[in-house]
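Q: Could you take me through the reading of contacts, burial and nonpolar cores, with the structure open beside us?

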Amino acid sequence: MPSSHRPRKRFGQNFLIDRSVLYQIADAVAPQLGDNLLEIGPGQGALTAVLLTRIKHLTAVEIDRDLVAYLQRHFTAAQLTLYSEDILRFNLSRIAQDNAAFRIVGNLPYNITTPLLFHLLASHVAIADMHFMLQREVADRLVATPGSEQYGRLGIMVSYHCQVERLFEVPPEAFSPPPKVTSAVVRLVPHRTPPVALHHLKSLEQVVTTAFSQRRKTVRNSLKNLLNETHFSAANIDPGERPERLSLVQFAALANQLNPGEIS
Ligand code: SAM
């Protein structure tokens, strides 16, 4: 651990210090020789080192230049291919391999979790799976089902792209400095074929975002600028429902009403 490195709050630096948690994550990932493993935010290399006891090489993207310099001193180029970049601006297709989908892992900076998930899901590269440490509250939103308070845009949009599993919780004491909240590790596995037929992904985003921007209103009210009664009955949705009661399948049916004649 670089003794001189002062954790930077703006980069969400809470370093994992509990070795049993590092092993638990590595067990969940279960890397195999030949995997195209990408770590986001390796930090001081705690998880990187454990992963490298199981595979020979991984790729990582780290924004903090001081930590990049540290990692370059501690790992060989044969072990670690390191990009000193902001993952949110990083084009994954630059480093995509034809024969091996990415397996992505990271103890994520909490402030970039949601934009990062959408960045990765929109990246058009093959992803086999993702294992992320997130704020527990975000993990709860990812696996929330209709009718619950945590159910909303994030869970619906991610469930269109991936199957999500909440694996285990991690207490603040496992990190230095300890974050204010409990964390959880999740596994996301992109669907091979989408779970619902959509004419346009953008329409789903638009309907879901608009509906949940006024989550206490009925969808008749919140979606009135997008859909009319005919659309609701064609989609077989009760317009008196609140958004938190509608499933992905039902949102997809509404989204397809926005451009019914078009098939993408
Ligand atoms: N993996 C390390 C661990 O478990 O101890 C560090 C985890 S720390 C929560 C998050 C790491 O992500 C930090 O090293 C931070 O510098 C890095 N980071 C923050 N924002 C980033 C970004 N936009 N792109 C790449 N790395 C980022």
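A: Let us begin with contacts, meaning heavy atoms within 4.5 Å. Setting aside neighbours within four places in sequence, glutamine 135 is in contact with Tyr110, Val181, Thr182, Ser183 and Ala184. This is a predicted model, in which local features need pLDDT of at least 70 and side-chain atom pairs count only at pLDDT 80 or more, while totals for chains, interfaces and linings use all residues. Residues are numbered from 1 along each chain as its sequence is written, and side-chain values use heavy atoms, with hydrogens and water left out.

Q: Is glutamine 135 buried or exposed, and in which strand is it found?

A: Buried means under 20% relative accessible area, exposed over 50%, and partly exposed in between (1.4 Å probe, protein chains only). Glutamine 135 has a relative accessible area of 19% and is therefore buried; it is found in strand β6, residues 127-135, where strands (E, at least two residues) and helices (H or I, at least four) are DSSP runs numbered from the N terminus.

Q: Which residues touch the most other members of the largest nonpolar core?

A: In soluble globular proteins, nonpolar side chains tend to be buried together. A nonpolar core is a set of buried Ala, Val, Leu, Ile, Met, Phe, Trp, Tyr and Cys residues joined through side-chain atoms within 4.5 Å. Here the largest has 55 residues, of which Ile104 and Phe132 touch the most other members. This core draws at least three residues from each of domain 1 (9-190) and domain 2 (201-258), the bounds coming from an automatic or database domain assignment. Apart from it lies another core of 27 residues, including Leu16 and Tyr110.
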